[in-house]
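The structure comes before the discussion.

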Amino acid sequence: MTEHTLKPVRLSDYRPPDYLIDQTDLTFELASRGTRVVAEMQCQRNGDHRAALFLHGEELTLESVAIDGEALAADRYQVDERGMTIEEVPERFTLTIVNRVDPVDNTTLDGLYQSSGNFCTQCEAEGFRRITYFLDRPDVLSRYRVTLIADKADCPVLLSNGNPVEEKDLGDGRHQATWEDPFPKPSYLFALVAGDLKSIRDQFVSRSGRTIELGIYVEPHNIDRCDHAMRSLIKSMAWDEETYGREYDLDVFNIVAVDDFNMGAMENKGLNIFNSKFVLARSETATDSDYEGIESVVAHEYFHNWSGNRVTCRDWFQLSLKEGFTVFRDQEFSADMGSRAVKRIEEVNLLRQIQFAEDAGPQAHPVQPKEYEQINNFYTATVYNKGAEVVRMWHNLLGPEAFRRGTDEYFDRFDGQAVRIEDFIETMAEQADFDTGQFRRWYDRAGTPVVHVRQRRENGYLIVNFEQDIPAVAGQDDEEPFLIPLRIAAFDSAGNPLMLDGPDGEGDVEQTVILNERRVEKRFVVSADLEHATLSINRGFTAPVKIEHDYDEADLTLLARCDTDEFNRWDAYQRLVLRILVGRVRQAQEQGEWPKTSLPEGLSESFGALLHAAASQKGGADPRFVAECLALPSETYIAEQFSHDVPVDWIHQARVELREQLANEWSQTLILVYQNAAVDGGYRFAGADVGRRALRAQALGYLNALDHPAWRKLAVDQFDEADNMTERFNALVALSVRQTDECRKTLGRFADEWAEDPLVMDKWLALRARNVAPDDLDTLAALEAHPVFSIRNPNRVRALVGTFSRANPTAFHAISGSGYRWVADKIVEIDGFNPQIAARMATVFSRWRRYDGARADHMRSELERMIGRKDCSTGLAEIVGKALR
């Protein structure tokens, strides 16, 4: 351990709590400084022991402690930076603690703080200990009664968990409200909000006939941006009743949007607190992507009412129990609301670009981590997104009906309890006919399995060999096989699906192969005169693995045209593009200079076929699906194909060149696609319209890759004439492909128009950050000095610093090291007031060893500078320490 690190918390060290708190009554006298908190707790000893009572507490000013009404003398308890210890307490007792906190000075945005003058809380994972002394661990479930007292003029709205019980004026300019939550919950689900807020109201009638009052609270000037979030909430409630049989349990459900928030949203029981980004939407200010994000996040937090709240986690090592399960639930909801194929593509894109990279680097950890120093560092793509893929495999292996029986039993059996991943597995195993013990490896083993697939013809059989390769990561080097379900199909040279008959005669055009050994061979009877079979492997991405198969260009072109699984059609096209991009870069590496290239015929034909299908006036292809296919792999994902000496600049050149070649070859068809995809009428957030706008965006982006004034004018005209933010911002993105006068002027006009709207300006900041040139520190300084930017607001930081470091590889990885230095400077500054955000930003440096000597040296130096400071936070030290080790 260094001076900055904490003693690791280990799953193997878990012990049940020595004490329980059955009832918690909280009274808050709210003030920017000196908020008075009175906590009265009904406590009992848990088991036969005489251990002291330890309560977590940080950054608190203690006023008094009493047991059963008797004040404790100072020598009866000890307080340190971790909390309070009280010796010799009765078996059952009432503990009353009075303390004060200063919300206005709480820049960590953890615990009780102020955002735009309003009081709000964030208690997951360990924020409640910054409010009062408590057993701040998820396996201590308590019923809460909360009374809020505040100045009525400053805080006309007083909200907390549960149902409203009482409101009254106090006669001195203050008022109070009392809320009671009848369901026991851990402290991380506690919430309060108080401030000058307006709300929209609606109702939902549950399937049992109960009327539930719904409210969304925002700052007054945002009241016209809540309708979409309310519609999303109502759809989520109906979907959860229909799909999982889960009915909401309180009389009210409230959402509050705040501008200063470390996460996306928080599922506090009955009072969800959201980053305003995931609530506020109006067609003039929000894009289709924003609308989709709001619908998904509202659903996610609502679904937590059962998968996370009613059934919660025993400890933080079980985090994926609630998050992986709930991500799967919100993914399925979004698939039902829109295009299932497109949703799957988006999910896998995120997994491959973020989680696969995480799984291959120093921050790698299993879906169920076995130890941590700061739990905030484990809200990761592995826990959330890979965890969701594991739940999806449960769903696919069991089948929808058995999976539903399993979830019904899980919710009913463990309602009101704090449970383990093992409890979920055991419940699902009761429905299974496969080795669930082997399946457990998906929770315990870090790393992304690689499945090598080989095929051959022999005596009327198509023989397919599968071999698992398990990478050594995170100190785990065992090679025991995973249980991997793979859906496969095969096509003849004309693109017709083949009947895959097994040796015993059973057959279908699609088979699910279960890989439960390191090497598995499958035989399928095929026609004796079959010349060639092209395999479609891992259809629908049935397992979160990498597939290695010796596809040639003809195979990929055929699958991109004929595969009956839409996900695998997209995947084949992306593999074809990636093959060309990586090939060009490797050729440049070998030659030491950029090779002369031309557009490959197979890719050109596939690209043209997509455009013609989209341009068809007679029931053409799904425009959203075509748009996903047309999108080139990101530079970040291309870089993942290189294990060392990542050629940052050549990757950029390869992508820019291929985009220009495709645009030049197909410009006339692109303009036809652009024109035909125009949406008639005003803005509607509807699947068909969203798809058409996405397709137009791709076409316009390709056209503006060409240095032609007509295409720039097309983008400027769209910017000027569009009545919605989606089309206007898409035009701005297209113009930004080349840094021209039209681009600079339109960016300036956009900033002038929306200077007073921070969420809209986040888009502008992010777009500017993506296009900063290498070593252009003046532009970075100007963006940082812009009035809209605040380094204390997480959304602004993610827009500028996060986008620059993760979506502008040529500038971040400038060979001089200037990009690394600028980002590290911001991380150091942020670490002084918000360590959570600093630690998350620092993960971009984690895989520094993959880069060439100069870049690696620069990145290592910045990591050493971050951790070498005396005041480096423990969270940042954990991330940096892993990267350096």
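A residue is called buried when its relative accessible area is under 20%, exposed when it is over 50%, and partly exposed in between, with a 1.4 Å probe and protein chains only. By this rule, 61% of the 885 residues of the protein chain are buried. The model is predicted: local features need pLDDT of at least 70, side-chain atom pairs count only at pLDDT 80 or more, and totals for chains, interfaces and linings use all residues. Numbering starts from 1 along each chain as its sequence is written, and side-chain values use heavy atoms, with hydrogens and water left out.

**Overall dimensions**

The C-alpha trace spans about 90 × 65 × 60 Å along its principal axes. Contact means heavy atoms within 4.5 Å. Of the contacts with a separation of 6 or more, 71% are between residues 24 or more positions apart.

**Nonpolar cores**

A nonpolar core is a set of buried Ala, Val, Leu, Ile, Met, Phe, Trp, Tyr and Cys residues joined through side-chain atoms within 4.5 Å.

| Core | Size | Named residues |
|---|---|---|
| Largest | 211 residues | Trp394, Phe439, Leu486 and Phe845, which touch the most other members |
| Second, separate | 72 residues | Phe28, Leu135, Leu159 and Ala194 are among them |

Helices (H or I, at least four residues) and strands (E, at least two) are DSSP runs, numbered from the N terminus; the chain has 28 helices and 33 strands. Two strands pair if DSSP finds at least two bridges between them. Strand β8 (residues 83-86) pairs antiparallel with β4 (residues 53-56) over four bridges, with Gly83 opposite His56. On β7 (residues 77-79), the pairing with β8 is also antiparallel, over three bridges, and Gln78 has Thr85 as its bridge partner. Three residues separate β7 and β8 in their hairpin.

His549 lies in strand β33 (residues 546-549) and counts as buried because its relative accessibility is 16%. Its side chain makes a polar contact with the side chain of Gln455 at 3.1 Å; a polar contact is a pair of N or O atoms within 3.5 Å, where within protein one must be able to donate a hydrogen and the other to accept it, and residues adjacent in sequence count only if both atoms are side-chain atoms.
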